[in-house]
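Hello,

Here is the structure for you to look over. Please open it alongside the notes below.

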Amino acid sequence: MNTEKSKNLFEEAKKYIPGGVNSPVRAFKSVGGDPLFIQRGVGSKFWDVDNNEFIDYIGSWGPHLFGHNPSFIIDSLKTAVENGTSFGSPTELEVKMAKLITELVPSVEMVRMVNSGTEATMSAVRAARGYTGKEKFIKFEGCYHGHADYFLIRAGSGALTLGVPTSPGVTKGNAADTLLADYNDIESVKKLVSSNKNKIAAIITEPVAGNMGVVKAKDGFIKELRSICDEEKIILIFDEVMTGFRVAAGGAQEILGIRPDLSTFGKIIGGGLPVGAFGGKKEIMEAIAPVGPVYQAGTLSGNPLAMAAGYAALKHIKNNPGIYKELEEKSAYLEIGFKNNIKSVGKNYAMGRVGSMMCMFFSEEPVSDFKSAVTSDTILYGKYFHEMLKRGIYLAPAQFEALFVSTAHSKEDLDKTISAHKESLAAIL
Ligand SMILES: *Cc1c(COP(=O)(O)O)cnc(C)c1O
């Protein structure tokens, strides 16, 4: 594969952009090698600057539920751009967008648009704190909620007491109000709740974990979180930035049949433009300025272009409820293909899948939380990634990320991917 233009661009990029990238995982650091610079995408495929073709399973890390550049999003954007890029005043499309979100996700009675998933989770936690007057919150080890300071905490030995900052730049003060629990371990939550009586504003979780690979919540786990929150007057926040509109039109909460108090969205909700949103119970949302005292704002929030793309995506979802069955069938087909290949090389690698998000772990232990996820052999993943890439299959350049299937992936794409997977496993083992 000739990647000369990408290589040159990367050398140039590193002079002006830290690490040459605007988001760290793009840099191929955990798989080795240099990142490819992408030029254009159509449907299930994209092409790099050297004109190599790939079947893409990153989908811009989640947004592209319909593949690259679907005409209904592009047409909507073209119309919007003719009218102007930004006004900083309310527009009709924001009202339509908010209404449509409340229709698709019934637990959301009111919603506010922001510019990224990070902003959405940050604002949701602030709303929960402002509304309850409490300061601490619980998050789960291995769940990702964007890069606000108090989310960038992982468990040390003091996991059940005080958080330990993971990233330099996160202060002890910021870490102190973040309590860490173990995913799928309700006892770890109960312990924190009883040792922090009346101090916990919120529990935030990914209802399907998608940032330590794909890890499904065990039966009853999320339901128990709901009960604990009800009993202790804690705000339950579902971070559906990845799962929202991906696993069902109503997100993971639709599948689980559980209503959170607040939800956060991103990725698909922007149709490929930078958008996030948070919403939920009217009572809580009305704590936010200008109705209530909790400050939250954004110069470009509800931006007309972003709303045009996002609204087109959500309207397409509303008008085509059959897409989730289609996505499930395609993803199950890919999963079965992968599983057969794994068996044929005499391995028992763990796989996680919920709808069109899935992950193969290079671990033969069952994966149910962060500690089991990190048993995966990431060196082997790096080799696998490059073998797949050589065969025209573009996966996330890191083990603990999801593979996303879109409606644009054809049976031919999936078959090609399954063959590449078989050859890649044979090449690395
Ligand atoms: C991607 C993601 C975020 C962060 O969203 P950004 O738009 O990257 O800021 C937050 N939570 C979850 C669950 C995510 O997958």
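The notes cover the sheet first, then the ligand site.

This is a predicted model, in which local features need pLDDT of at least 70 and side-chain atom pairs count only at pLDDT 80 or more, while totals for chains, interfaces and linings use all residues. Residues are numbered from 1 along each chain as its sequence is written, and side-chain values use heavy atoms, with hydrogens and water left out.

**Sheet**

Seven strands form an open, mixed sheet, ordered E4-E14-E13-E12-E9-E5-E8. Strands are DSSP runs of E with at least two residues, helices are runs of H or I with at least four, and both are numbered from the N terminus. Pairing requires at least two DSSP bridges between two strands. E4 (110-114) and E8 (178-181) are the edge strands.

E9 (200-205) and E12 (235-239) run parallel, joined by four bridges. Thr 205 has Phe 238 in E12 as its bridge partner.

Helix H7 (221-232) lies across E5 (136-140), E9 and E12; contact means heavy atoms within 4.5 Å. H7 runs at about 150 degrees to E12. Axes are lines fitted to C-alpha atoms, for helices over the stretch in contact, and angles run from 0 to 180 degrees between N-to-C directions.

**Ligand**

The residues around the ligand include Ser 116, Tyr 144, His 145, Glu 206 and Met 242; each has a heavy atom within 4 Å of the ligand.

Polar contacts are N or O pairs within 3.5 Å. Ligand oxygen atoms lie 3.1 Å from a side-chain N or O atom of Asn 211 and 2.6 Å from one of Lys 267. A ligand nitrogen is 2.7 Å from a side-chain N or O atom of Asp 239.

Best wishes

Notes:
Polar contact = N/O pair within 3.5 Å; in protein donor to acceptor, adjacent residues only side chain to side chain.
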